[in-house]
Amino acid sequence: LSYLTDGNTLRSWLFTHDHKRIAILYAVSITFFFFLGGVAAALIRLELATPAGDLMTAETYNKTFTFHGVVMVWFFLIPSIPNTLGNFLLPLMIGARDVAFPRLNLFSWYLYVIGGLFTIACLLLGGVDTGWTFYTPFSTMFSNSNVMLTVVGVFIVGFSSILTGLNFIVTIHTLRTTGMRWFRMPLFVWAMYGVSLVMMLATPVLAMTLALIAVERLFGVGIFDPALGGDPLLFQHFFWFYSHPAVYIMVLPSMGVVSELITASVRRRIFGYRFMVYSIIGIAVLGFLVWGHHMFVAGQSMYAGIVFSILSFIIAVPSAIKVFNWTATLYKGDIAFGAPMIYALGFVGLFMLGGLTGLFLAATALDVNLSDTYFVVAHFHYIMVGGAVMAYLGGIHFWWPKITGRLYSEAWARFAAILMFLGFNLTFFPQFIAGAQGMPRRYHQYPPEFALLNVLSSAGAVLLAAAYLLPIGYFLWSFRYGAVAPANPWHAEGLEWEAASPPPTHNFDEPPVVTDGPYAYTHP
Amino acid sequence: MNRLAQLPAEPYDDTTQQEEAATLGMWAFLATEILFFGVLFAGYTVLRLLRPDAFVSGSRHTDLPLGTLETAVLLMSSFTAALSVRDIQLGGRGVACWLLVLTAALGAAFLVIHGVEYRADYRAAIIPGIRYAEVGPLAAPKQLFFLLYYITTAFHGLHVLIGIVLLAVTAVRVQRGDYTAKSHWPLEIATLYWHLVDIVWIFVFPLYYLVGRA
């Protein structure tokens, strides 16, 4: 009796305590929000296909990119890997029956849904136009859109994030099976540990800051409003104290996924396991110390700028260690280019490009020119879409047989993965050039000399959209008609492959015993 | 009957593991609480550095005797909470439940005294956004002080309120005989939470009542 067949009623899903079912609930709901945010992205690219502002007014355009940002950041990227793959795999990978607090886990999903309903309500009532960053005093004193609804929605979904982080931390500390020592944990589990620390310690700052915005709007007072004696820069400090670590909430799990995908496809131990662990924790910790690089031109002191710039350069070191170690793992390996590996390699390349352009932006002098241009937009889309979304999809493919007990169509999956890589680069690479030439972000029209680059970008978006829709098709087909998967179709290492596909409700018949480190592949 | 020793909950192998998880869970939760309050303390620090004159002037409006009384009441409540855990650890001589009730009552007293302060503030019209009648050049920046004071104390008060409910529920369970000297982690983590509420106040009190009111 697998977890999928253990109860068929709607009630058995909506009141489940099983981490695997909760993972499915999350997967369905974040996919919904992904396409909702994707529609907004499509509208943005459609508007920018021509230099004139002909599709929508400036105001509608503002609301569209705000909605795109809010939905993609808080309702897709942040919960994406931790709440789906993390929920599903974490207990399996450490040999546990469930997470430490199963009811809290379900409660987190309900918080996510309630937060999502607020955001949808905001959309239906006319949207919000502040940008996903809610900068004050615009968001508190001037905007006449539905700021309150959005802020409340994000506030609620923040608690979902905090509680998930707390749950994972406690799970990893207390529920590891016999022999699963800290340095025998798969890197995906380490990544979940790192990301949980960030979710738990950064999100409260966002929640409190949003609460302060709500107070300002409700009572007409001004902690952040200079007209009332407040300090708008303080808001930016608080906001980025969360929102920069949030980038690592998106990227650390991706790094964990990619480490699993690469080792299984190359059939080798990861190169420099301990350094991979240290760099995960290093990124999680350093990620808290670099937020000021979002504010180089906002009026913070020059000395603060210099310190934040240096720290931002330093955080590139652990990130580079990871890229080097993945590459070293490939060296002389017997590489199988299945769909998961194509996604993983795509991740490494795009993450590297996104990371290196991040160094341009971390340089205080260069940032003055590039700030608020399409260069920034391209940079963070390389990290978030090229990095996080590629890794998420790679992970979904890799563990699909484990999750559903079915095999997907390898040919279609490879086609979609390659199309996604090409479509992504066509969409976002021209934006680097447009940004470097000075095209500012967040305008619905632009000078005609940027027309070619924007047409290329919009054309790429069509390919990208097709590549995102394809998996929906062949995954649904596979779920119904796909070949039945064995327990370990990839002959991969890891406790999750020792459980049946799909696993029974309590994962293992007997608690597994671990005697060796992860990735114990024997290389021919 | 000792209910804890019998049944570990679903994901756990035994009750020791469950106890470890629950205790770590509470500590982790307290860490997030520190960051929630941290925003308010950081805001206080920054705005105080920006407008020292307004903050000095604002802090003269807080009620020092009542604030001191609140501090004493809350410290005393932490003491009775710790005593109740001690009583259970020593085998329970029947006073643990009443010590918890006393703790909750002291918490309630804290809220009542704070209510008295709020009422006086309302009469003096120094509640920004609700009733604010300060005039002069410092009227605008002074409201920052009051605003932070109200948000911080209200958020803290909310924690006291939650704590009172938690302590009341725990008191009922103690009376029912759920806990033994060996196994009493729900009592332990409830009092842990209460100590955090107390510690936060230890920082609120000097910042808003003591510093620079001369």
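Which residues line the largest cavity?

Analyst: The model examined here is predicted, and local features need pLDDT of at least 70, side-chain atom pairs count only at pLDDT 80 or more, while totals for chains, interfaces and linings use all residues. Residues are numbered from 1 along each chain as its sequence is written, chains are lettered from A and ligands numbered from 1 in the order in which they are written, and side-chain values use heavy atoms, with hydrogens and water left out.

Rolling a probe the size of a water molecule over the atoms shows where empty space is left. A cavity is here a set of points, on a 1 Å grid over the protein atoms alone, where a 1.4 Å probe fits but cannot get out, and a lining residue has an atom within 4 Å of a point. Grid points are joined across faces, edges and corners, and the volume is the space filled by probe spheres set on the points. The count by this rule is three cavities of 30 Å³ or more.

The largest cavity has a volume of about 70 Å³. Its lining consists of A:Trp74, A:Ile78, A:Pro79, A:Asn83, A:Tyr112, A:Val157, A:Gly158, A:Ser160, A:Ser161, A:Met199, A:Thr203 and A:Tyr242. At least two residues of this lining come from each of α3 (58-93), α6 and α7 of chain A; helices (H or I, at least four residues) and strands (E, at least two) are DSSP runs, numbered from the N terminus. By class, seven of the lining residues are nonpolar, five are polar and none is charged. In this division Ala, Val, Leu, Ile, Met, Phe, Trp, Tyr, Cys and Pro count as nonpolar, Asp, Glu, Lys and Arg as charged, and the others, Gly among them, as polar.

The second largest cavity holds about 40 Å³ of space. Around it stand A:Tyr374, A:Pro430, A:Gln431, A:Ala434, A:Met439, A:Leu453, A:Asn454 and A:Ser457. The elements giving two or more residues to this lining are α14 (410-436) and α15 (451-481) of chain A. Its residues divide into five nonpolar, three polar and no charged.

The partners are A:Arg414 and A:Glu410, with 3.1 Å from N to O. Both residues lie in α14, four residues apart, about one turn of the helix. Over all chains, the whole structure has seven salt bridges.

One salt bridge is counted between chain A and chain B. It links B:Asp13 with A:Arg97, the closest N and O atoms being 3.3 Å apart. Helices of chain A that each supply at least two residues of the side touching chain B are α6 (147-174), α7 (187-219) and α8 (232-266). The largest share of that side, ten residues, comes from α7(A). By class, the side of chain A that touches chain B has 25 nonpolar, seven polar and three charged residues.

The contact, meaning heavy atoms within 4.5 Å, takes 35 residues from chain A and 33 residues from chain B. The buried area, which is the accessible area (1.4 Å probe) that two parts lose on being put together, summed over both, is about 2,800 Å² between these chains, with carbon and sulfur atoms giving 78%. Chain B itself has six helices and two strands, and its elements run α-α-α-α-β-β-α-α from the N terminus on. The C-alpha trace of chain B spans about 65 × 30 × 25 Å along its principal axes.

A cis peptide bond joins A:Thr136 and A:Pro137, with omega about 0°, and A:Pro137 is found in the loop between α4 (102-124) and α5 (138-142). That loop between α4 and α5 also contains A:Phe134, a residue other than glycine whose phi has a positive value, near 50°. Another cis peptide bond joins A:Ser501 and A:Pro502, with omega about -15°; A:Pro502 lies in the segment after α15 of chain A.

Notes: A salt bridge is a side-chain nitrogen of Lys or Arg within 4 Å of a carboxyl oxygen of Asp or Glu. On a 1 Å grid over the protein atoms alone, a cavity is a set of points where a 1.4 Å probe fits but cannot get out, and a pocket is an open set with protein on both sides within 12 Å along at least five of seven lines; lining residues have an atom within 4 Å of a point.
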